[in-house]
Amino acid sequence: MYKNALKEDLIRVVENLDGTVESTDTIVKLKTKIENSSTFESDPDFLKTLIQNCIDERVSRNEREVTLEKQKIELAKLQLAQLEKEIELQTAKNKALSLNPAAKVEDKQFETNIEKMITSIKTLSLPVPTRSENFNLFFQSLERAFLTKKINDEYKSEILINLLGERAHNVLLYIKEEELNDYEKLKSIVLREFQLTPRECLNSFKNAVKSSGETYIQFAARLTANFQYYCSLRKVKIPLNLYVIL
């Protein structure tokens, strides 16, 4: 009955049996409390199941913690690799600048232009959403801002990652290098990571409620974006007359 059970499992069993656990209780004392309980005599099968459930929960919790630690290690490795690349790139730049001082001005101008582009796009697009169903609306506003500011394709991925901030960490864990520089591929990965399933998207559309800080035009735009995204997931073509209604 106690096979593979640790002290922490026995403590949980005693607590579930409404028993009192003392800080000085040993494994032997905990087993005695379990065996002296009314449940031990009246329903031993239930007690066996309870012990096994406590063991299974501990094992599952430990596995989750191990997985989380592995993810943290992988993220740290990725960040280290990125840092090494940045150092390598900066070393190459410094060497080039020592040979060509004029390039320093061009490099500074390039960094300033990137910062200006990010600031400009952030101003023209919606903030990164906290709710999954709003990611498609976020991308619509982002791509409209790209079009307005005539942003070249080579900068779109970098801007997107900058806007996502910490939320990009999960994506960066498994994204390939060639996908990192391809905006469309990066976008699909982000949507796959954060977006809803078709059923959830449809339910979100049906149950949508206008928030207090939202205008009717904004609410209608959110509904339209959700419905269009649902149709794209289900590969349903929206009739032209329905576009007029939307």
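The model is a predicted one, in which local features need pLDDT of at least 70 and side-chain atom pairs count only at pLDDT 80 or more, whereas totals for chains, interfaces and linings use all residues. Residues are numbered from 1 along each chain as its sequence is written, and side-chain values use heavy atoms, with hydrogens and water left out.

The protein chain contains 13 helices and 0 strands, helices (H or I, at least four residues) and strands (E, at least two) being DSSP runs numbered from the N terminus. Of its 246 residues, 30% are buried, and the chain exposes about 17000 Å², of which carbon and sulfur atoms supply 54%. Among contacts (heavy atoms within 4.5 Å) with a separation of 6 or more, 56% join residues 24 or more positions apart.

Salt bridges, defined by a side-chain nitrogen of Lys or Arg within 4 Å of a carboxyl oxygen of Asp or Glu, number 7. One of them joins arginine 12 and glutamate 57 at 2.5 Å, N to O; arginine 12 lies in helix 1 (residues 7–16) and glutamate 57 in helix 4, so this pair ties together parts that are 45 residues apart in sequence. Another salt bridge, between lysine 72 and glutamate 69, has its closest N and O atoms 3.9 Å apart, and these two residues are separated by about one helical turn because they are 3 residues apart in helix 4. A salt bridge at 2.8 Å, N to O, is formed by the side chains of glutamate 143 and lysine 187, linking helix 6 with helix 10 across 44 residues. In this pair, glutamate 143 is partly exposed at 27% relative accessibility, while lysine 187 counts as buried at 17%.

The structure also holds 2 aromatic pairs, for which rings of Phe, Tyr and Trp (its six-membered ring) must have centres within 6.5 Å, with planes under 30 degrees apart counted as stacked, over 60 as edge-to-face and the rest as tilted. Phenylalanine 138 and phenylalanine 139 are edge-to-face, since their ring centres are 5.2 Å apart and their planes stand at 65 degrees. The pair of phenylalanine 146 and tyrosine 183 is likewise edge-to-face, at 5.5 Å centre to centre and 80 degrees between the planes; with phenylalanine 146 in helix 6 and tyrosine 183 in helix 10 (residues 183–194), the pair ties together parts that are 37 residues apart in sequence. Both phenylalanine 146 and tyrosine 183 are buried.

Helix 6 (residues 135–149) also includes lysine 149, which, leaving aside its neighbours within four places in sequence, is in contact with Ser120, Ile121 and Leu124.

Definitions and conventions: Buried < 20%, exposed > 50% of the residue type's maximum accessible area, 1.4 Å probe, protein only. Areas by Shrake-Rupley, 256 points an atom, 1.4 Å probe, with all protein chains shown as cover.
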